[in-house]
Each structure stands twice: as structure tokens, then as C-alpha cells.
Amino acid sequence: MFSALQGLKVLDVSRFIAGPFCAMQLADHGADVVKVERLDSGDDTRENEPKLGGESVYFMTYNRNKRSFALDFRKPEAQQVLRELAGKADILIENFRPGTMEQMGCGWEALHALNPRLIMVRISGFGQTGPLSQRPCFDVIAQATSGLMELTGDPNGPPTMAGTFVVDYTTALYATIGALTALAAREQTGKGQLVEATLLESAASLLMTAIPEQAVLGRSMSRQGNRDRYTSPVNTFKGSDGAWVHIASGTDPLFQRLVTAMGREDLLQDPRFATVKARVANASAIEAEVQAWVSRHTADAVVEAMDRAGVPCAKVSTMADVVENPQLKARNQILTVDHPRAGAYPTHGITVTLRETPGAVRRPSPLVGEHTSEVAAEWLGWPRERCDELIGKRVIG
């Protein structure tokens with residue numbers, strides 16, 4: 001079956017999450033993605049636990065549908081090989097600290113001169129320029145610096161990191177959008193361009209109205225737990241069985257449906273709850289009424305009652321619930337992948353659905369250097385002798 005990005009050559013020179021996840025989005029939709037890794041040890045995340053058959057689940061999660069090309073980045077001959085690969089690529093994705101690619105003779109100016117059609121996607125913590133550009137950064141550092149951590153957690157507790165690498169994922173998706181946008185521009189101009197995505201800027205884009213509220217109104221947004229900032233009642237409530245449900249009934253029509261389902265139409269006559277603005281001002285009071293009702297029912301019973309009433313509501317799922325979620329299974333969002341060492345393991349599916357050119361999992365994550373000789377022959381046209389020579393010299397592997 002034809003894939004949307006079939007024929008596109010992508011060089012993935014990135015590590016950890018943001019870069020590899022960006023490259024994987026392209027790979028899932030048919031791009032030929034070659035992951036360039038360190039000789040022997042490969043990507044840093046190959047050592048992350050847990051492991052299946054000696055293979056890191058963490059690494060496998062972000063690197064399916066790719067081929068692996070191993071080289072020793074420190075050697076000038078290997079850096080020349082990297083330039084040769086970039087000369088054949090449509091897109092190169094990297095997330096080294098700014099300046100590292102330049103030190104290897106593989107900066108934007110050098111690669112653009114070598115391959116004017118190349119799109120170079122540079123992912124970093126703070127950007128290639130600016131006073132913080134050289135500061136090391138991971139997802140949680142961006143969460144802290146951006147203020148995202150200040151917005152997360154209980155109002156009476158400490159700032160809290162998100163339960164997943166939300167900034168890495170967001171940055172990866174912005175980088176993917178940038179790569180595809182640059183690809184569309186190249187169709188018009190014939191030229192590639194430099195694309196940047198940063199963890200800090202991606203995190204800042206998630207701050208809702210916090211920036212204008214602070215800059216214009218002098219109002220500092222902070223933590224509110226699971227309570228919605230703009231409507232009420234929207235929060236998490238505990239059922240009689242100890243399980244939690246989240247109810248979102250902030251609009252006037254939804255609030256009316258909620259209190260009707262609760263058998264508490266009298267609340268509609270209470271001026272504290274008559275409008276959205278009034279309910280936000282009296283959020284604790286209306287939440288107490290909802291909690292009193294929820295506490296008399298199991299979480300499942302509350303979800304069923306809200307479903308009948310047309311009020312958005314969900315039980316807070318455990319991971320055991322998620323892997324058995326019938327909706328995710330029906331939509332092929334939990335797939336089983338066969339790996340030569342790890343065996344069969346479940347993972348997330350292809351998130352974006354294209355009806356005519358659907359993405360697919362065509363291969364599991366690669367072993368270190370599994371495809372070095374194969375890629376050297378296909379991309380670079382090397383004879384076997386040259387490949388064997390460089391393998392013998394420990395330039396590639």
C-alpha cells in the first residue's frame with residue numbers, strides 16, 4: 001500500500017525523546033528513517049529500564065520503523081560519512097547541544113551548501129541563540145523554566161511535574177509540523193531550510209492565558225489541582241468504592257443536566273450557582289454538593305448516570321484499565337509489535353489516521369548498527385569493500 005511519505009529520506013541524528021519521536025512520526029507514515037547512533041552503545045536510552053530480552057522498552061517506544069546506522073562521531077572519517085548521508089537526505093533531525101553539529105563540520109551552513117534541498121530540523125532546550133542556548137535541558141527543566149510546573153499540582157502543595165514527558169512530546173510534534181511545512185515550501189521553491197523547535201518555547205505555548213494575564217492584568221496564574229480555571233463544577237470526585245471520576249459540567253446547560261441527574265434541581269435556584277461566573281466564585285461550595293452525591297455511588301454508577309444525562313464524565317483509569325480499553329483497541333491504538341530479541345510486545349498505535357494513505361508499523365526498533373551496510377549500499381552506493389574497510393577501522397559498525 002502506498003504511504004504518504006514514501007520515498008522521503010530522513011536522517012535521525014537525535015537522542016532521548018523529542019527528536020526520535022519526531023522522526024518516528026515521519027517513519028510511521030512511510031519515510032525511510034535512518035537512525036544514526038554511536039558505535040557499539042547506540043542511543044543513550046538503550047540502557048533505560050525496563051527491558052525485554054535485553055532491549056529497552058523506552059527505546060523501542062520511540063524508534064520503531066527505523067533503520068540503524070552506527071558510527072564513531074569523534075572520528076573525522078565518521079563525520080565525513082555523516083556529511084555524505086546528509087547529502088542524500090531530504091530531512092535531518094538533530095538535538096545535540098547547540099554548536100555540536102558545527103564542531104563536527106555538519107552545521108547548517110555546511111550541510112545546506114552540500115545539499116541545498118535539505119531540511120534541517122534542530123531541536124534544543126532553549127534554542128540555537130539567546131542567553132540560555134548553551135544550558136542543558138530536559139523535559140522537566142523546561143516544565144520548571146516555562147512556568148508549566150507552577151500551574152500543575154495541588155494549590156496547597158509544591159509545583160508538580162506532569163506525569164509524562166509532555167514537553168518532549170509537544171516539541172516533537174511541533175518539529176514534525178515544521179518539517180512537513182518546510183517540505184511543502186520546498187515544493188514551491190526547490191530549496192530546503194532550517195527548522196527550529198525548542199522545549200522552552202513548546203512548553204510556553206501550553207500556558208493558556210497565563211502570559212497576557214500576568215503581563216497585562218498583573219494576575220499570576222498558579223496551581224488549582226484538578227479544578228477547571230474558567231468554569232465550575234469541573235473537578236475530580238471520589239466514589240463510594242474509592243475510585244475517582246472526573247466530571248466536566250461547567251456550562252449552564254451541562255450544570256442543569258448534572259443537578260437533574262443528581263436529583264438536586266433546587267441548586268438551580270441558589271444564586272451562588274445561577275451562572276458560570278457565580279459558580280466559579282463559589283467553586284468549593286458547588287463541588288461539595290457534587291462530592292456529597294458522588295460519594296453515595298460507585299465510580300462506574302456515576303459514569304453511567306452522567307452518560308445518560310449527557311454530561312462529560314470519565315472514571316480515572318489505571319494503566320491496567322488503559323491496556324484493556326475497548327475504544328483504544330477498536331481504533332487500533334494498542335498494537336503488538338514483534339521484535340527479534342524482545343519478542344512480541346504491545347505499544348501505542350499510529351495516532352493520526354489518514355484514510356487513503358494510512359500509516360503502519362512496518363518494522364520494530366532496530367538493533368545498534370543493524371542496517372549500516374544496507375544503508376551504505378542503498379543511500380550512498382558504496383561497494384562492499386569500502387563498507388568493510390570502515391567497519392574494520394571502527395569508523396562505522
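Reader: How many cavities of 30 Å³ or more does a search of the whole structure find?

Author: The search finds one. First, some ground rules. This is a predicted model, in which local features need pLDDT of at least 70, side-chain atom pairs count only at pLDDT 80 or more, and totals for chains, interfaces and linings use all residues. Residues are numbered from 1 along each chain as its sequence is written, and side-chain values use heavy atoms, with hydrogens and water left out.

Reader: What is a cavity, and what is a pocket?

Author: Take a 1 Å grid over the protein atoms alone. A cavity is a set of points where a 1.4 Å probe fits but cannot get out. A pocket is an open set with protein on both sides within 12 Å along at least five of seven lines. Lining residues have an atom within 4 Å of a point. Grid points are joined across faces, edges and corners, and a volume is the space filled by probe spheres set on the points. Here the largest cavity has a volume of about 50 Å³.

Reader: Which residues line the largest cavity?

Author: Among them are Phe-21, Met-24, Arg-64 and His-348. Helix 1 (residues 18–28) gives the largest share, four residues. Helices (H or I, at least four residues) and strands (E, at least two) are DSSP runs, numbered from the N terminus.

Reader: What volume does the largest pocket have?

Author: About 950 Å³ of space lies there. It has 31 lining residues, and the closest to its centre are Phe-21, Thr-61, Tyr-169, Thr-347 and His-348. By class, the lining has 22 nonpolar, eight polar and one charged residues. Ala, Val, Leu, Ile, Met, Phe, Trp, Tyr, Cys and Pro count as nonpolar, Asp, Glu, Lys and Arg as charged, and the others, Gly among them, as polar.

Reader: And the second largest pocket: what is its volume?

Author: About 540 Å³. The residues closest to its centre are Arg-15, Phe-16, Asn-95, Cys-137 and Phe-138. Strand 7 and helix 6 (139–146) each supply at least two lining residues.

Reader: Now the sheets. In what order do the six strands stand, and is the pairing parallel or antiparallel?

Author: Strands of a sheet pair through backbone hydrogen bonds, either parallel or antiparallel. Two strands pair if DSSP finds at least two bridges between them. This open sheet has the order 5-2-1-6-7-8, with parallel pairing. Strand 5 (66–71) and strand 8 (194–198) each have a single partner strand, so one side of each is left without a neighbour in the sheet. Strand 6 (residues 91–94) and strand 7 (residues 119–124) pair over four bridges. There, Ile-93 stands opposite Val-121.

Reader: Which strands does helix 7 touch?

Author: Contact means heavy atoms within 4.5 Å. Helix 7 (residues 166–189) packs on this sheet and touches strand 6, strand 7 and strand 8.

Reader: What is the order of the three-stranded sheet?

Author: The order is 9-10-11, and the pairing is antiparallel. Strand 9 (234–238) and strand 11 (313–315) are the edges. Strand 10 (residues 244–248) meets strand 11 over three bridges. Val-245 has Lys-315 as its bridge partner in strand 11.

Reader: Last, Phe-273. Is it buried or exposed?

Author: Buried means under 20% relative accessible area, exposed over 50%, partly exposed in between (1.4 Å probe, protein chains only). Phe-273 is buried, because its relative accessible area is 1%. This residue lies in the loop between helix 10 (252–262) and helix 11 (276–281). Its contacts, not counting residues up to four places away in sequence, include Phe-255, Leu-267 and Ile-286.

Key. Axes fitted to C-alpha atoms, helices over the stretch in contact; angles between N-to-C directions.
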